[in-house]
Amino acid sequence: MSIRITSKEAKRLTFEEEKACSKLISTGSIFNLYCDCCSPDKKIRNRVFIAKDRGRIIGWSIIKERAKYKITKFEFMIYIRLKYRRRGIGTKMYKRSKKLFKLKDSDILVYTTDKANKEFFKRLRKL
């Protein structure tokens with residue numbers, strides 16, 4: 001299996017990539033987050049990583065600058081298709097996000113939604 005992770009700025013995602021990422025989420029769409037990243041009047045730093053297996057999108061992660069805070073903080077979201085989890089894909093995306101913006105764990109706010117998600121980030125930040 002050859003899983004490839006590609007990196008793009010949110011504003012450079014194609015409509016097909018955006019739709020594919022949105023379809024991976026059964027409870028809702030991430031379209032609003034993309035629109036927020038792409039807004040031309042906002043000068044925020046962001047990056048989207050897309051994981052593909054034989055051309056099919058199997059996961060995504062987004063890291064974007066959060067302007068609310070007095071010091072620079074970044075938000076990080078990730079989703080990997082269930083069948084592809086526990087193979088290190090999410091870890092690679094997180095590490096690439098950190099490296100890209102030269103961040104420490106404390107600079108990144110993560111979205112934790114359930115017990116498995118919380119455990120993932122807990123283990124990841126101990127590496």
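Me: In which strand does Glu75 lie?

Reply: Glu75 lies in strand 4, residues 73-80. Helices (H or I, at least four residues) and strands (E, at least two) are DSSP runs, numbered from the N terminus. This is a predicted model, where local features need pLDDT of at least 70 and side-chain atom pairs pLDDT 80 or more, while totals for chains, interfaces and linings use all residues. Residues are numbered from 1 along each chain as its sequence is written, and side-chain values use heavy atoms, with hydrogens and water left out.

Me: Why does Glu75 count as buried?

Reply: Buried means under 20% relative accessible area, exposed over 50%, and partly exposed in between, with a 1.4 Å probe and protein chains only. Glu75 has 7% relative accessibility, so Glu75 counts as buried. Of the 127 residues of the protein, 42% count as buried.

Me: What joins the side chains of Glu75 and Arg66?

Reply: A polar contact of 2.4 Å joins them. The term asks for a pair of N or O atoms within 3.5 Å; within protein, one must be able to donate a hydrogen and the other to accept it, and residues adjacent in sequence count only if both atoms are side-chain atoms.

Me: Which residues is Glu75 in contact with, leaving aside neighbours within four places in sequence?

Reply: Contact means heavy atoms within 4.5 Å. On that basis Glu75 touches Ile62, Ile63, Lys64, Arg66, Leu109 and Tyr111. The C-alpha atoms of Glu75 and Val110 are 5.9 Å apart, although 35 residues separate the two along the chain.

Me: Why are helix 3 and helix 4 called oblique to each other?

Reply: The axes of helix 3 (residues 89-101) and helix 4 (residues 115-124) cross at roughly 55° and come within 11 Å. Angles under 35 degrees count as roughly parallel, over 145 as roughly antiparallel, 65 to 115 as roughly perpendicular and the rest as oblique. Helix 3 and helix 4 are therefore oblique. The contact is made by Gly90, Thr91 and Tyr94 of helix 3 with Phe120, Phe121 and Leu124 of helix 4.

Me: How many helices and strands does the protein have?

Reply: The protein has four helices and five strands.

Definitions and conventions. Axes are lines fitted to C-alpha atoms, for helices over the stretch in contact, and angles run from 0 to 180 degrees between N-to-C directions.
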